[in-house]
Amino acid sequence: MPSPLLEVSNLHVTFGAAAPLVRGVSLALEAGEKLALVGESGSGKTLTALALLRLLHGARVEGQALWRAPRQSERDLLALSERQMCALRGDEIAMIFQEPMTALNPLMPVGAQIAEVLRIKRGMGAAQAAREAALLLGRTGISQPQEKARAYAHQLSGGQRQRAMIAMALACAPRLLLADEPTTALDVSLRQQMLELLDELRREAGMAVLLITHDLPLVRRFADRVAVMQHGRIVEQGRTADVFAAPQQPYTQMLLASAPVRDVDEHAGAGAAPLLAASGLGVRYPTPLPGVRGWFKKGSFTALQEVNFTLAPARTLGVIGESGSGKSTLAQAVLNLLPRPQVQGGLHIAGRAWDASERANRPLRRVAQFVFQDPFSSLSPRMTLGAIVGEGLQVHEPQLDEAQRLARVRQALSDVGLQEAQFPGLLMRYPHEFSGGQRQRIALARALIVRPQLLVLDEPTSALDVSIQQQVLALLQQLQRQRGLAYLLITHDVAVVRAMAHDVLVLKDGHAVESGAALEVLGAPQHPYTRQLLAAAAPLPSSPA
């Protein structure tokens, strides 16, 4: 038997004098193999991948990681110099990071960032690198790739940013791809497209893939083998089909049993006046025109057109559609986060329209709160957790004293599953000290603390593992029943819509193509596009071993 491409033995990762966060991890990857590393948020999956690339500054990394590339001598990744690692990163081992907004340079167009990799690693000229960057973007499924290559990260949707990260990682055809939640922000059809792309590249170049994910259906259809992590240790590993068919460990059994459960009051809000109403809602973004024309005038891009809906108290409206369909634009328009000239049509919350004066809008800001798709970019890195979650109280309930404010902060964090018994010094910690799923719960706590009537949830569970997703959805359902909260739920996850939504609105290219009662639309869709989305979300058979 040939030696594995990568062989990790007894890997430990420790910060300071604390106990190790990764404890004795051992795994092996053959050339061309697909291994999935799964486990709950904070289990050590991402730390393991970052340790292999030596990207954990301030950490003590112990153990051995033998790298055996063809026609090269065996090397221990943990013993290489920084200069040697720089030559290896990108060329031989590449990584798709979990949060593209923080990994992409906000001051460079995404195409220029991909082209930079091609110039440095493959010695391409500027023009050739720019053409190749656009081709890579197109291969990941981005429409109008040449135009999107000129866009900055903040001008792309969450799914488009994720695909740009995938294009950058694959630019040099690495032998090993460390993929940390590569499809988190992608809708179901593009998720399957990305899996097919990764599989195609794996077959072409013999590339191995270490897939880090909490998406168990994705693991089932993609991975050859699976390793399950809990509290920094691998508790079970084996062939994917075997582990899914007969899990041996209670923790693995718990993960496989986790699924969103529908527990909503089907008749909630019946006869009540709408809390949120939109009529003819549209959004147009200004765009630069090419050539001399761009000096004198701007063009426009219609992101949303003539959308109508209502949302009553204690009900959930699920908005689904592919990446770039206008879902996040709709959320921003509802919360008056776009310049007023860009928004057309009528919009009322609790019977009031947004005012031109932000001071006059302050009461509405408390009524309607936003949970953003990318929690890391929406949480200030310079503020402690206590300050972040309690900030809304300083604005909307300034009469509270320090003790009352801290009690409310602790309660809000406890409601989303974060307690000081689990995280000593919780309120004094910073966002970067938490995993992606934990940051998502912090963002939810920040919105809930001011006791709003409407929550706009933009992919609220996309960064959560299956068991925490189940807990957060159960929490949202409980809060809705107790407080009569209305939810505008923006998501590409059909299972979440099926569990949470009373009604559903289907968007495609900025147009509403279908709407109605959620169970009716999902059970018997009328529009071909809705049928396509549901077919892409249907369970697929596991990958052949």
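This is a predicted model: local features need pLDDT of at least 70, side-chain atom pairs count only at pLDDT 80 or more; totals for chains, interfaces and linings use all residues.
Is Phe 434 buried or exposed? With a relative accessible area of 4%, Phe 434 counts as buried (under 20% relative accessible area; exposed is over 50% and partly exposed in between, using a 1.4 Å probe and protein chains only). Residues are numbered from 1 along each chain as its sequence is written, and side-chain values use heavy atoms, with hydrogens and water left out.

A search of the whole structure turns up 2 aromatic pairs (Phe, Tyr or Trp rings, the six-membered one for Trp, with centres within 6.5 Å; planes under 30 degrees apart are stacked, over 60 edge-to-face, the rest tilted). For Phe 423 and Phe 434 the centres are 5.6 Å apart and the planes meet at 55 degrees, so this pair is tilted. Both residues sit in the loop between H17 and helix H18 (436–448), so the contact ties together parts 11 residues apart in sequence.

As for H17 itself, the helix covers residues 402–415 (a DSSP run of H or I, at least four residues, numbered from the N terminus). Its buried residues are Arg 405, Arg 408, Val 409, Ala 412 and Leu 413. Just after H17, Gly 417 adopts a positive phi of about 90 degrees.

Terms used. Helices (H or I, at least four residues) and strands (E, at least two) are DSSP runs, numbered from the N terminus. The expected span of a helix is 1.5 Å times one less than its number of residues.
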